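Please look over the sequence and the model below before reading on.

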Amino acid sequence: LPPIATMIRQGWRWIGGCVAGGRRRQAALAASTVAAAAGVAFPADAGAVSLDGGLAAAAWAGALRWGDVELSPTDEFKNQEQIQQMLFHRFYFSGEVDTQWDRIEQDLRTLKWLGIGDMPALAIGIANGLYHFFFFTQDPGGAAEMRTDTMLEALQLFNSSLWYAQCFNPATEIREFLIGLCTTKFAFVHLLAGELGAVYAASHATAAAGEVLAISNSIFQAMQRLPYYALGGLGWTTPQHMAFNHELYPNFYGPVWPNEQVPLAAFLEAHFATFRADLDSILAHEGLFDHLRELERNAEGLSVWPPGTRKHIELADLREDEPWKEQLCHFAASTCALLRGRPEVAECPRAAVMVARLGPGAWLKPHFGNSRRLVAHLGLSVPEEQPITMNVGPARGIRWKQGKALIFDDTHAHDARHAGQEGERYILHMMFCHPCEQRHLYPHLPAEACDFKQEIRVEVSRALRSEMDAREAEARKVVRMTIPRNAPQDV
(Lines give C-alpha, C1' and ligand atoms only; values in the text may rest on other atoms or scores of the structure.)
Protein backbone atom coordinates (compact mmCIF):
# COMPACT_ATOMS: atom_id res chain seq x y z
CA LEU A 1 0.00 0.00 0.00
CA PRO A 2 2.52 2.67 -1.08
CA PRO A 3 -0.08 5.50 -1.27
CA ILE A 4 -0.95 4.93 2.40
CA ALA A 5 2.67 5.08 3.50
CA THR A 6 3.01 8.27 1.43
CA MET A 7 -0.12 9.69 3.03
CA ILE A 8 1.28 9.06 6.50
CA ARG A 9 4.45 10.96 5.65
CA GLN A 10 2.55 13.82 4.02
CA GLY A 11 0.19 14.11 6.95
CA TRP A 12 2.98 14.50 9.47
CA ARG A 13 4.83 16.97 7.28
CA TRP A 14 1.63 18.99 7.19
CA ILE A 15 1.33 18.89 10.95
CA GLY A 16 4.93 19.91 11.42
CA GLY A 17 4.69 22.59 8.73
CA CYS A 18 1.21 24.02 8.30
CA VAL A 19 -0.04 23.60 11.85
CA ALA A 20 3.09 24.57 13.74
CA GLY A 21 4.28 27.14 11.18
CA GLY A 22 0.89 28.47 10.06
CA ARG A 23 1.75 28.61 6.33
CA ARG A 24 -1.68 29.56 5.08
CA ARG A 25 -0.94 29.71 1.35
CA GLN A 26 0.66 26.24 1.37
CA ALA A 27 -2.31 24.80 3.22
CA ALA A 28 -4.77 26.53 0.89
CA LEU A 29 -3.09 25.21 -2.26
CA ALA A 30 -2.96 21.68 -0.89
CA ALA A 31 -6.61 21.81 0.15
CA SER A 32 -7.52 23.17 -3.27
CA THR A 33 -5.76 20.26 -4.97
CA VAL A 34 -7.47 17.66 -2.79
CA ALA A 35 -10.88 19.29 -3.08
CA ALA A 36 -10.53 19.48 -6.86
CA ALA A 37 -9.80 15.76 -6.94
CA ALA A 38 -13.08 15.26 -5.08
CA GLY A 39 -14.94 17.37 -7.64
CA VAL A 40 -15.19 20.50 -5.49
CA ALA A 41 -14.11 23.97 -6.61
CA PHE A 42 -12.25 25.00 -3.49
CA PRO A 43 -10.57 28.42 -3.97
CA ALA A 44 -7.00 28.94 -2.87
CA ASP A 45 -7.88 32.35 -1.43
CA ALA A 46 -10.79 33.49 0.73
CA GLY A 47 -14.17 32.68 -0.72
CA ALA A 48 -17.26 30.56 -0.29
CA VAL A 49 -17.79 26.98 -1.37
CA SER A 50 -20.84 24.75 -1.05
CA LEU A 51 -20.78 20.96 -0.95
CA ASP A 52 -23.64 18.56 -1.53
CA GLY A 53 -23.91 17.83 2.18
CA GLY A 54 -24.45 21.51 3.00
CA LEU A 55 -20.93 22.75 3.75
CA ALA A 56 -20.42 26.44 3.10
CA ALA A 57 -17.07 27.98 3.93
CA ALA A 58 -15.08 31.15 3.62
CA ALA A 59 -12.10 28.94 4.19
CA TRP A 60 -9.23 31.30 4.73
CA ALA A 61 -11.19 34.27 6.11
CA GLY A 62 -11.80 32.26 9.26
CA ALA A 63 -15.55 31.70 8.81
CA LEU A 64 -16.94 28.22 8.35
CA ARG A 65 -20.51 26.97 8.28
CA TRP A 66 -21.67 23.38 7.90
CA GLY A 67 -25.42 23.24 7.45
CA ASP A 68 -26.84 25.08 10.46
CA VAL A 69 -23.59 24.78 12.41
CA GLU A 70 -21.17 27.69 12.55
CA LEU A 71 -17.71 26.40 13.37
CA SER A 72 -15.14 28.39 15.29
CA PRO A 73 -11.61 29.08 14.01
CA THR A 74 -10.29 28.87 17.60
CA ASP A 75 -12.63 26.94 19.96
CA GLU A 76 -11.92 23.26 19.32
CA PHE A 77 -14.27 21.91 21.99
CA LYS A 78 -17.22 24.01 20.87
CA ASN A 79 -16.57 22.64 17.38
CA GLN A 80 -16.36 19.10 18.71
CA GLU A 81 -19.67 19.41 20.56
CA GLN A 82 -21.48 20.95 17.58
CA ILE A 83 -20.15 18.44 15.05
CA GLN A 84 -21.04 15.51 17.31
CA GLN A 85 -24.53 16.85 18.02
CA MET A 86 -25.18 17.35 14.32
CA LEU A 87 -23.92 13.87 13.39
CA PHE A 88 -25.86 12.13 16.15
CA HIS A 89 -29.02 14.05 15.27
CA ARG A 90 -28.79 13.11 11.61
CA PHE A 91 -27.95 9.50 12.40
CA TYR A 92 -30.75 8.90 14.90
CA PHE A 93 -33.50 11.35 14.06
CA SER A 94 -33.45 12.68 10.51
CA GLY A 95 -33.72 9.48 8.47
CA GLU A 96 -30.67 10.58 6.44
CA VAL A 97 -28.50 7.54 7.11
CA ASP A 98 -29.15 6.05 3.69
CA THR A 99 -29.90 9.18 1.67
CA GLN A 100 -27.23 11.65 2.77
CA TRP A 101 -24.65 9.77 4.84
CA ASP A 102 -22.18 9.43 1.97
CA ARG A 103 -22.29 13.17 1.41
CA ILE A 104 -21.82 13.84 5.11
CA GLU A 105 -18.72 11.65 5.02
CA GLN A 106 -17.39 13.55 2.01
CA ASP A 107 -17.91 16.83 3.86
CA LEU A 108 -15.98 15.52 6.87
CA ARG A 109 -13.13 14.33 4.68
CA THR A 110 -12.96 17.69 2.92
CA LEU A 111 -13.01 19.50 6.27
CA LYS A 112 -10.15 17.23 7.28
CA TRP A 113 -7.76 19.25 5.11
CA LEU A 114 -8.61 22.33 7.12
CA GLY A 115 -8.27 20.37 10.35
CA ILE A 116 -4.69 19.36 9.61
CA GLY A 117 -3.94 22.63 7.84
CA ASP A 118 -5.19 26.13 8.43
CA MET A 119 -7.98 25.52 10.97
CA PRO A 120 -6.68 22.94 13.47
CA ALA A 121 -9.49 23.91 15.86
CA LEU A 122 -11.64 21.65 13.67
CA ALA A 123 -9.38 18.63 14.06
CA ILE A 124 -10.76 17.03 17.24
CA GLY A 125 -14.38 17.34 16.12
CA ILE A 126 -13.74 15.85 12.68
CA ALA A 127 -11.55 13.08 14.14
CA ASN A 128 -14.27 12.08 16.59
CA GLY A 129 -16.89 12.18 13.85
CA LEU A 130 -14.86 9.85 11.63
CA TYR A 131 -14.08 7.50 14.52
CA HIS A 132 -17.67 7.31 15.79
CA PHE A 133 -19.41 6.80 12.45
CA PHE A 134 -16.88 5.73 9.80
CA PHE A 135 -14.60 3.24 11.55
CA PHE A 136 -15.89 0.24 9.58
CA THR A 137 -15.87 -0.43 5.84
CA GLN A 138 -19.66 -0.88 6.16
CA ASP A 139 -19.88 -3.47 3.41
CA PRO A 140 -23.46 -4.82 3.55
CA GLY A 141 -23.23 -8.51 4.23
CA GLY A 142 -19.44 -8.28 4.50
CA ALA A 143 -17.10 -9.04 7.36
CA ALA A 144 -16.34 -6.51 10.07
CA GLU A 145 -13.23 -4.68 8.86
CA MET A 146 -11.55 -1.42 9.74
CA ARG A 147 -11.67 1.28 7.12
CA THR A 148 -8.00 2.13 6.97
CA ASP A 149 -8.15 5.26 4.82
CA THR A 150 -10.68 7.00 7.08
CA MET A 151 -8.96 5.96 10.30
CA LEU A 152 -5.62 7.13 8.96
CA GLU A 153 -7.22 10.51 8.45
CA ALA A 154 -8.66 10.41 11.99
CA LEU A 155 -5.17 9.59 13.28
CA GLN A 156 -3.72 12.62 11.49
CA LEU A 157 -6.48 14.82 12.89
CA PHE A 158 -5.98 13.68 16.49
CA ASN A 159 -2.29 14.43 16.10
CA SER A 160 -3.07 17.85 14.61
CA SER A 161 -5.22 18.57 17.65
CA LEU A 162 -2.31 17.63 19.92
CA TRP A 163 -0.20 20.30 18.27
CA TYR A 164 -3.00 22.86 18.36
CA ALA A 165 -3.49 22.40 22.13
CA GLN A 166 0.29 22.70 22.71
CA CYS A 167 0.34 19.17 24.09
CA PHE A 168 3.87 18.55 22.78
CA ASN A 169 5.17 21.77 24.34
CA PRO A 170 7.04 21.00 27.60
CA ALA A 171 6.30 24.57 28.75
CA THR A 172 2.54 23.91 28.79
CA GLU A 173 1.24 24.02 32.36
CA ILE A 174 -0.17 20.71 33.62
CA ARG A 175 -3.61 22.27 34.17
CA GLU A 176 -3.69 23.56 30.58
CA PHE A 177 -2.41 20.17 29.41
CA LEU A 178 -5.41 18.50 31.06
CA ILE A 179 -7.94 21.13 29.98
CA GLY A 180 -6.75 20.60 26.41
CA LEU A 181 -7.62 16.87 26.76
CA CYS A 182 -4.05 16.03 25.80
CA THR A 183 -4.20 12.68 27.60
CA THR A 184 -7.31 11.65 25.64
CA LYS A 185 -5.84 12.79 22.33
CA PHE A 186 -2.62 10.86 22.92
CA ALA A 187 -4.65 7.77 23.80
CA PHE A 188 -6.63 7.91 20.55
CA VAL A 189 -3.50 8.46 18.46
CA HIS A 190 -2.04 5.26 19.87
CA LEU A 191 -5.32 3.33 19.65
CA LEU A 192 -5.68 4.10 15.94
CA ALA A 193 -1.99 3.65 15.16
CA GLY A 194 -1.98 0.25 16.84
CA GLU A 195 -5.07 -0.92 14.95
CA LEU A 196 -3.79 0.40 11.63
CA GLY A 197 -0.44 -1.28 12.15
CA ALA A 198 -2.14 -4.58 12.91
CA VAL A 199 -4.39 -4.37 9.84
CA TYR A 200 -1.51 -3.45 7.54
CA ALA A 201 0.64 -6.25 8.94
CA ALA A 202 -2.17 -8.79 8.49
CA SER A 203 -2.48 -7.61 4.87
CA HIS A 204 1.30 -8.05 4.38
CA ALA A 205 1.63 -4.29 3.83
CA THR A 206 4.81 -4.29 5.91
CA ALA A 207 6.06 -0.87 4.81
CA ALA A 208 2.83 0.86 5.84
CA ALA A 209 2.68 -1.14 9.09
CA GLY A 210 6.25 -0.27 9.98
CA GLU A 211 5.75 3.39 9.22
CA VAL A 212 2.58 3.91 11.21
CA LEU A 213 3.95 1.97 14.21
CA ALA A 214 7.20 3.92 14.04
CA ILE A 215 5.21 7.15 14.17
CA SER A 216 3.28 5.86 17.19
CA ASN A 217 6.51 4.90 18.94
CA SER A 218 8.05 8.28 18.18
CA ILE A 219 5.03 10.09 19.62
CA PHE A 220 5.03 7.78 22.66
CA GLN A 221 8.68 8.54 23.38
CA ALA A 222 8.10 12.27 23.02
CA MET A 223 5.01 12.00 25.22
CA GLN A 224 6.93 10.23 28.00
CA ARG A 225 9.33 13.17 28.21
CA LEU A 226 6.56 15.72 28.79
CA PRO A 227 6.22 17.05 32.36
CA TYR A 228 2.84 15.40 33.04
CA TYR A 229 4.11 11.92 32.17
CA ALA A 230 7.61 12.50 33.52
CA LEU A 231 6.08 12.76 37.01
CA GLY A 232 6.42 8.97 37.09
CA GLY A 233 4.15 6.40 38.64
CA LEU A 234 2.34 5.32 35.46
CA GLY A 235 4.42 2.26 34.59
CA TRP A 236 3.82 2.43 30.83
CA THR A 237 6.46 0.85 28.63
CA THR A 238 4.43 0.66 25.41
CA PRO A 239 1.32 2.48 24.11
CA GLN A 240 -0.75 -0.64 24.82
CA HIS A 241 -0.19 -0.15 28.56
CA MET A 242 -1.89 3.26 28.56
CA ALA A 243 -5.06 3.47 30.69
CA PHE A 244 -6.92 6.45 32.12
CA ASN A 245 -7.26 4.82 35.54
CA HIS A 246 -3.47 4.85 35.90
CA GLU A 247 -3.59 8.65 36.12
CA LEU A 248 -5.69 8.28 39.29
CA TYR A 249 -4.32 5.11 40.90
CA PRO A 250 -1.06 3.18 40.50
CA ASN A 251 -0.71 0.68 37.65
CA PHE A 252 -0.55 -2.24 40.06
CA TYR A 253 -2.50 -5.13 38.51
CA GLY A 254 -2.53 -4.10 34.86
CA PRO A 255 -5.46 -4.73 32.50
CA VAL A 256 -6.90 -7.86 34.17
CA TRP A 257 -7.35 -7.97 37.94
CA PRO A 258 -7.03 -11.18 39.98
CA ASN A 259 -10.48 -12.40 41.01
CA GLU A 260 -9.33 -13.04 44.57
CA GLN A 261 -8.80 -9.28 45.06
CA VAL A 262 -12.39 -8.47 44.03
CA PRO A 263 -15.07 -10.16 46.22
CA LEU A 264 -17.70 -9.34 43.60
CA ALA A 265 -16.16 -11.99 41.32
CA ALA A 266 -16.84 -14.83 43.77
CA PHE A 267 -20.35 -13.49 44.41
CA LEU A 268 -21.18 -13.52 40.70
CA GLU A 269 -19.91 -17.07 40.25
CA ALA A 270 -21.77 -18.29 43.35
CA HIS A 271 -25.07 -16.97 41.96
CA PHE A 272 -24.50 -17.99 38.35
CA ALA A 273 -27.52 -20.33 38.31
CA THR A 274 -29.83 -17.49 39.37
CA PHE A 275 -28.50 -15.07 36.76
CA ARG A 276 -28.69 -17.75 34.07
CA ALA A 277 -32.28 -18.60 35.00
CA ASP A 278 -33.34 -14.98 34.43
CA LEU A 279 -31.68 -14.97 31.03
CA ASP A 280 -33.32 -18.28 30.08
CA SER A 281 -36.73 -16.94 31.02
CA ILE A 282 -36.22 -13.97 28.68
CA LEU A 283 -34.90 -16.09 25.80
CA ALA A 284 -37.84 -18.48 26.18
CA HIS A 285 -40.04 -15.79 24.61
CA GLU A 286 -39.03 -15.16 21.00
CA GLY A 287 -38.13 -11.55 20.35
CA LEU A 288 -38.36 -10.47 23.99
CA PHE A 289 -34.63 -9.72 24.36
CA ASP A 290 -34.71 -7.39 21.33
CA HIS A 291 -37.89 -5.73 22.56
CA LEU A 292 -36.41 -5.04 26.00
CA ARG A 293 -33.29 -3.69 24.42
CA GLU A 294 -35.36 -1.06 22.61
CA LEU A 295 -36.68 0.31 25.92
CA GLU A 296 -33.25 1.64 26.96
CA ARG A 297 -30.76 2.58 24.25
CA ASN A 298 -27.51 4.51 24.37
CA ALA A 299 -26.27 6.86 21.64
CA GLU A 300 -22.79 5.48 20.93
CA GLY A 301 -22.42 6.00 17.19
CA LEU A 302 -21.56 3.11 14.92
CA SER A 303 -19.82 0.97 17.53
CA VAL A 304 -20.26 -2.54 16.07
CA TRP A 305 -20.34 -4.25 12.69
CA PRO A 306 -22.30 -6.01 11.20
CA PRO A 307 -25.39 -4.08 12.32
CA GLY A 308 -27.37 -5.56 15.17
CA THR A 309 -24.80 -8.19 16.17
CA ARG A 310 -24.17 -6.66 19.58
CA LYS A 311 -27.13 -5.74 21.79
CA HIS A 312 -27.79 -5.42 25.49
CA ILE A 313 -30.59 -5.04 28.02
CA GLU A 314 -29.78 -2.26 30.48
CA LEU A 315 -30.93 -3.12 33.99
CA ALA A 316 -29.29 -0.24 35.84
CA ASP A 317 -27.36 2.98 35.30
CA LEU A 318 -26.76 4.85 38.53
CA ARG A 319 -25.83 8.03 36.64
CA GLU A 320 -29.46 8.48 35.58
CA ASP A 321 -32.64 9.71 37.27
CA GLU A 322 -34.01 6.16 37.24
CA PRO A 323 -30.97 4.21 38.46
CA TRP A 324 -32.68 0.80 38.33
CA LYS A 325 -34.84 0.24 35.26
CA GLU A 326 -37.93 -1.16 36.94
CA GLN A 327 -39.66 -2.06 33.69
CA LEU A 328 -36.66 -4.18 32.66
CA CYS A 329 -35.93 -5.54 36.13
CA HIS A 330 -39.44 -7.01 36.05
CA PHE A 331 -38.05 -9.56 33.56
CA ALA A 332 -34.84 -10.18 35.54
CA ALA A 333 -36.14 -9.73 39.07
CA SER A 334 -33.70 -12.05 40.82
CA THR A 335 -30.71 -10.53 39.04
CA CYS A 336 -31.68 -7.00 40.01
CA ALA A 337 -32.50 -8.01 43.59
CA LEU A 338 -29.12 -9.67 44.10
CA LEU A 339 -27.12 -6.80 42.63
CA ARG A 340 -29.06 -4.09 44.46
CA GLY A 341 -27.60 -5.58 47.62
CA ARG A 342 -23.97 -5.24 46.49
CA PRO A 343 -22.36 -1.98 47.72
CA GLU A 344 -19.91 -2.04 44.78
CA VAL A 345 -22.98 -1.25 42.66
CA ALA A 346 -25.61 0.27 44.97
CA GLU A 347 -23.18 2.77 46.52
CA CYS A 348 -21.35 3.66 43.31
CA PRO A 349 -22.54 6.77 41.42
CA ARG A 350 -21.11 5.50 38.11
CA ALA A 351 -22.22 1.86 38.24
CA ALA A 352 -24.24 0.13 35.53
CA VAL A 353 -25.61 -3.38 34.92
CA MET A 354 -26.65 -5.00 31.66
CA VAL A 355 -27.04 -8.34 29.94
CA ALA A 356 -25.07 -8.23 26.69
CA ARG A 357 -25.28 -10.40 23.57
CA LEU A 358 -22.59 -10.80 20.90
CA GLY A 359 -23.54 -12.58 17.69
CA PRO A 360 -21.54 -14.34 14.95
CA GLY A 361 -19.30 -12.05 12.92
CA ALA A 362 -19.53 -9.14 15.36
CA TRP A 363 -16.68 -6.77 16.07
CA LEU A 364 -17.16 -4.25 18.87
CA LYS A 365 -14.56 -1.72 17.81
CA PRO A 366 -11.62 -0.66 20.01
CA HIS A 367 -12.66 2.01 22.52
CA PHE A 368 -12.00 3.33 26.03
CA GLY A 369 -14.21 3.17 29.11
CA ASN A 370 -14.62 5.91 31.69
CA SER A 371 -12.18 6.14 34.58
CA ARG A 372 -12.81 5.52 38.31
CA ARG A 373 -14.39 2.14 37.65
CA LEU A 374 -13.65 -1.47 36.69
CA VAL A 375 -15.75 -3.92 34.69
CA ALA A 376 -16.99 -7.36 35.72
CA HIS A 377 -18.19 -9.95 33.21
CA LEU A 378 -19.91 -13.21 34.09
CA GLY A 379 -20.31 -15.74 31.28
CA LEU A 380 -24.01 -16.66 31.15
CA SER A 381 -24.22 -18.56 27.87
CA VAL A 382 -20.94 -18.96 26.05
CA PRO A 383 -20.32 -21.21 23.01
CA GLU A 384 -16.75 -21.86 24.13
CA GLU A 385 -15.87 -23.84 20.99
CA GLN A 386 -16.31 -20.65 18.93
CA PRO A 387 -13.49 -18.07 18.46
CA ILE A 388 -14.96 -15.32 20.66
CA THR A 389 -12.30 -13.11 22.21
CA MET A 390 -11.57 -9.76 23.82
CA ASN A 391 -8.42 -7.64 23.87
CA VAL A 392 -7.71 -5.30 26.82
CA GLY A 393 -4.54 -3.28 26.37
CA PRO A 394 -1.60 -5.73 26.25
CA ALA A 395 -3.82 -8.66 27.35
CA ARG A 396 -4.80 -10.27 24.04
CA GLY A 397 -7.19 -13.06 23.13
CA ILE A 398 -9.10 -13.20 26.44
CA ARG A 399 -11.92 -15.76 26.29
CA TRP A 400 -15.12 -15.93 28.30
CA LYS A 401 -16.10 -19.09 30.16
CA GLN A 402 -19.58 -20.02 31.23
CA GLY A 403 -20.12 -19.46 34.94
CA LYS A 404 -16.77 -17.70 35.37
CA ALA A 405 -16.16 -14.07 36.26
CA LEU A 406 -13.64 -11.76 34.63
CA ILE A 407 -12.52 -8.44 36.16
CA PHE A 408 -10.74 -5.95 33.93
CA ASP A 409 -9.82 -2.30 33.56
CA ASP A 410 -11.75 -0.99 30.56
CA THR A 411 -9.87 2.33 30.54
CA HIS A 412 -7.33 0.46 28.42
CA ALA A 413 -8.16 0.34 24.72
CA HIS A 414 -10.31 -2.78 24.37
CA ASP A 415 -12.44 -4.53 21.78
CA ALA A 416 -14.42 -7.77 21.38
CA ARG A 417 -14.89 -10.13 18.41
CA HIS A 418 -17.09 -13.08 17.61
CA ALA A 419 -15.14 -14.56 14.70
CA GLY A 420 -17.28 -17.71 14.61
CA GLN A 421 -20.16 -18.70 12.35
CA GLU A 422 -22.73 -19.69 14.95
CA GLY A 423 -23.76 -19.34 18.58
CA GLU A 424 -24.46 -16.20 20.59
CA ARG A 425 -22.46 -15.16 23.64
CA TYR A 426 -24.43 -13.74 26.59
CA ILE A 427 -22.73 -12.16 29.59
CA LEU A 428 -23.72 -10.23 32.68
CA HIS A 429 -21.84 -6.97 32.19
CA MET A 430 -21.27 -4.73 35.20
CA MET A 431 -19.41 -1.46 35.72
CA PHE A 432 -18.57 -0.83 39.37
CA CYS A 433 -16.49 1.65 41.33
CA HIS A 434 -12.73 1.18 41.26
CA PRO A 435 -11.68 -0.55 44.51
CA CYS A 436 -9.57 2.47 45.44
CA GLU A 437 -12.79 4.54 45.50
CA GLN A 438 -14.34 2.18 48.09
CA ARG A 439 -11.33 0.93 50.02
CA HIS A 440 -13.45 -0.06 53.03
CA LEU A 441 -14.89 -2.89 50.91
CA TYR A 442 -11.44 -4.31 50.13
CA PRO A 443 -9.59 -4.89 53.43
CA HIS A 444 -6.99 -7.12 51.73
CA LEU A 445 -6.17 -4.73 48.90
CA PRO A 446 -2.46 -3.78 49.07
CA ALA A 447 -1.82 -0.11 49.83
CA GLU A 448 0.46 0.07 46.79
CA ALA A 449 -2.55 -0.58 44.56
CA CYS A 450 -4.07 2.77 45.56
CA ASP A 451 -1.32 5.05 46.87
CA PHE A 452 1.23 6.68 44.58
CA LYS A 453 4.76 6.92 45.87
CA GLN A 454 5.30 10.29 44.15
CA GLU A 455 3.74 13.11 46.17
CA ILE A 456 3.08 15.24 43.11
CA ARG A 457 1.23 12.34 41.47
CA VAL A 458 -0.88 12.07 44.65
CA GLU A 459 -1.83 15.75 44.31
CA VAL A 460 -2.63 15.41 40.61
CA SER A 461 -4.85 12.40 41.32
CA ARG A 462 -6.68 14.28 44.06
CA ALA A 463 -7.24 17.30 41.81
CA LEU A 464 -8.45 15.15 38.91
CA ARG A 465 -10.95 13.26 41.05
CA SER A 466 -12.26 16.49 42.55
CA GLU A 467 -12.77 17.90 39.06
CA MET A 468 -14.52 14.68 38.00
CA ASP A 469 -16.86 14.88 40.99
CA ALA A 470 -17.92 18.35 39.87
CA ARG A 471 -18.42 17.22 36.27
CA GLU A 472 -20.49 14.21 37.33
CA ALA A 473 -22.75 16.50 39.36
CA GLU A 474 -23.22 18.78 36.34
CA ALA A 475 -23.82 15.83 34.03
CA ARG A 476 -26.76 14.71 36.15
CA LYS A 477 -28.53 17.97 35.29
CA VAL A 478 -28.19 17.48 31.54
CA VAL A 479 -31.17 16.11 29.62
CA ARG A 480 -30.08 12.80 28.13
CA MET A 481 -30.75 11.93 24.51
CA THR A 482 -33.71 9.61 23.98
CA ILE A 483 -33.22 7.33 20.99
CA PRO A 484 -36.39 6.86 18.88
CA ARG A 485 -37.70 3.34 18.38
CA ASN A 486 -37.18 3.55 14.60
CA ALA A 487 -33.55 4.67 14.86
CA PRO A 488 -30.84 2.63 13.07
CA GLN A 489 -30.16 -0.75 14.67
CA ASP A 490 -26.38 -0.73 14.27
CA VAL A 491 -25.47 0.91 17.59
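Predicted model: local features only at pLDDT ≥ 70, side-chain atom pairs only at ≥ 80, totals over all residues.

Val392 has Ala395 of β11 opposite it.

- Five strands form an open sheet in the order β5-β8-β13-β10-β11, and the pairing is antiparallel.
- The edges are taken by β5 (304–305) and β11 (395–398); each has a single partner strand, so one side of each lacks a neighbour in the sheet.

**Asp415**

- Asp415 lies in strand β13, which covers residues 414–418.
- Asp415 counts as buried because its relative accessibility is 7%, where the cut-off for buried is under 20%.
- Leaving aside residues up to four places away in sequence, Asp415 touches Trp363, Leu364, Lys365, Pro366, Thr389, Met390 and Asn391.
- With Trp363 there is a polar contact, side chain to side chain, at 3.0 Å from Asp415.
- The C-alpha atoms of Asp415 and Leu364 are 5.6 Å apart in space, although the two residues are 51 residues apart in sequence.

**Lys365**

- Lys365 is part of strand β8, residues 363–367.
- Its relative accessibility is 3%, so Lys365 counts as buried.
- Again without residues up to four places away in sequence, Lys365 touches Tyr131, His132, Phe135, Phe136, Leu302, Ser303, His414 and Asp415.

Terms used. Residues numbered from 1 in each chain as written. Heavy atoms only, no water. Helix = DSSP H or I, 4+ residues; strand = E, 2+ residues; numbered from the N terminus. Buried < 20%, exposed > 50% of the residue type's maximum accessible area, 1.4 Å probe, protein only. Contact = heavy atoms within 4.5 Å. Polar contact = N/O pair within 3.5 Å; in protein donor to acceptor, adjacent residues only side chain to side chain. Pairing = 2+ DSSP bridges.
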